[in-house]
Amino acid sequence: MRRFQALAAVAAIVALTGAAEPLGSALRSAAATYYAKAGQVAIVAGRDTTMDYYDRLLDDAALLNESAPKNYPAQLWQQTIQVAAQLDLSLATQLLHRSYQPMAAIRGLGETLVRSSKDGTMQPVAIYVPSQYSASTPAPLVVFLHGLQQTESHLVAAQYLRDLADATGTIIVAPYGRGAYDFRGAESDVYDAFDAANRAFRIDPRRRYLVGYSMGGYSLFRLAPIHSADWSAVMSIAGSLLVSREPLVTTTMRDTRFYILTGARDQTVPTSYLIAAAIYLRDAGLPVTFYSQFNGTHELYSLRQIISQACNDMEHGVVRYPVGLTGASNLPEDL
C-alpha cells in the first residue's frame, strides 16, 4: 500500500507541474522495470495482458510528444494523455507489487484489477466515481467498452466524459477487454467488472447501462444479450448492429432501450450503418432513439454534444422514436 501511495504522490507532482518530459521519463523507467519482471507479472495477469501493458507504457511516453487530433484543443488533449499515462503507471505498479487498489475505495479517477471468473487472472478496469457519490443513494452505472486501438484508461481520462458523469452522478467502469478484436475472449471480463462494481458501490438496478464506442459499439450488441436483464439501456456510439447479432438482440432485449449515435462525417464507420440499425430496431418494435452530429467524425470528442443529449435521455428513460428516419434497413454483414 505504501508503494502505491508513493506512486500516487509522484503522479500528483507531475500533474501539478504539467511537465511532459518527467512523466515520459517515469513511463520509460517503469517500462524497463516492468519488462524485467514480466514473467512474474504474467503469473498474475496472463501473458497477453502483461505484454500489452508493457507496450502501453512506451506508447504513453511517445504520445506525450504527439500533436492533438484535428479539432481537439491542444491543452485538453495534453491533459487527457497525461491523466491516462498516470493511470497506466498506477496499474503497472499494482501489478509489479501485487497490491491492488480496492474498487470500493476509489473516488474520482482510478484504475484497479478484478479477478477473472474465467481463469483467475487479474484484469484491469478503469473507474470514475463522481465526487457526490454516497452509499446512501443508489447511483447509475455505465459499463463503457472502448474502441479498437483505444484503451480503457484513455477512454475515462477524457474530461468531457467525466463531466457528464458528474452531472448525473454516474459511476463509469471501463474494462480492459483482453483479446484482439470485438472483446472476444473477454466476455467474462466485462461481466466481472460489472459484478465488481455492483459489489463495491450501491448501484441502482434500474439504471445500469452498457455503452460502447466504435469497436465497443459493435461489441455491445454481442455482449448485452448474454445477460440482457442486467441492462436498462444500451448506447452504441459509432458502432452498428450486425446481421448475425440481430436474432439474439431482437428476441432477448425487447424491453431494453437503445440509443444509436453517429457522426454525419464519419469516414471510418459509415453513418448509413447506424441509420440502418436504428431503422431495423424501430421496425422490429424495440424502443430506440437515433442521434446524428452534423459535423461529427469518428472521433469521440467530436460527438460530445449528442453524447450529452443521449446520456440525458438515457438517464431519464426518454425514448424518441425516429419516426422520420428513412432509408434501407439492411444491416451490415459481419466485419
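The model is predicted, so local features need pLDDT of at least 70 and side-chain atom pairs count only at pLDDT 80 or more, while totals for chains, interfaces and linings use all residues. Residues are numbered from 1 along each chain as its sequence is written, and side-chain values use heavy atoms, with hydrogens and water left out.

Let's start with charge. Side chains of opposite charge can pair when their charged atoms come close. Here a salt bridge is a side-chain nitrogen of Lys or Arg within 4 Å of a carboxyl oxygen of Asp or Glu, and the count by this rule comes to 14.

Please find R178. Its side chain forms a salt bridge with D119, at 2.8 Å from N to O. R178 sits in the loop between β4 (171-175) and α8 (187-200), and D119 in the loop between β1 (108-115) and β2 (122-129), so the pair links distant parts of the chain, 59 residues apart. Helices (H or I, at least four residues) and strands (E, at least two) are DSSP runs, numbered from the N terminus. R178 has 13% relative accessibility and therefore counts as buried, whereas D119, at 42%, counts as partly exposed. Buried means under 20% relative accessible area, exposed over 50%, and partly exposed in between (1.4 Å probe, protein chains only).

R178 also meets D189 in a salt bridge, at 2.6 Å from N to O. D189 lies in helix α8, 11 residues from R178, and both residues are buried.

Next, look at R222 and E187, whose side chains meet at 2.7 Å from N to O. R222 belongs to helix α9 (residues 215-223) and E187 to helix α8, 35 residues apart. R222 is buried at 16% relative accessibility, while E187 is partly exposed at 22%. These two residues are part of a salt-bridge network that links D182, R184, E187, R222 and R245.

Now turn to the helix pair. Helix α7 (residues 159-168) packs with helix α12 (residues 304-315) at an angle of about 25 degrees, and their axes are 11 Å apart. Axes are lines fitted to C-alpha atoms, for helices over the stretch in contact, and angles run from 0 to 180 degrees between N-to-C directions. The two helices are therefore roughly parallel, a label for angles under 35 degrees. On the α7 side, Y160, L161, L164 and T168 meet R304, I307, S308, C311 and E315 of α12, where contact means heavy atoms within 4.5 Å.

Methods
Parallel < 35°, antiparallel > 145°, perpendicular 65-115°, else oblique.
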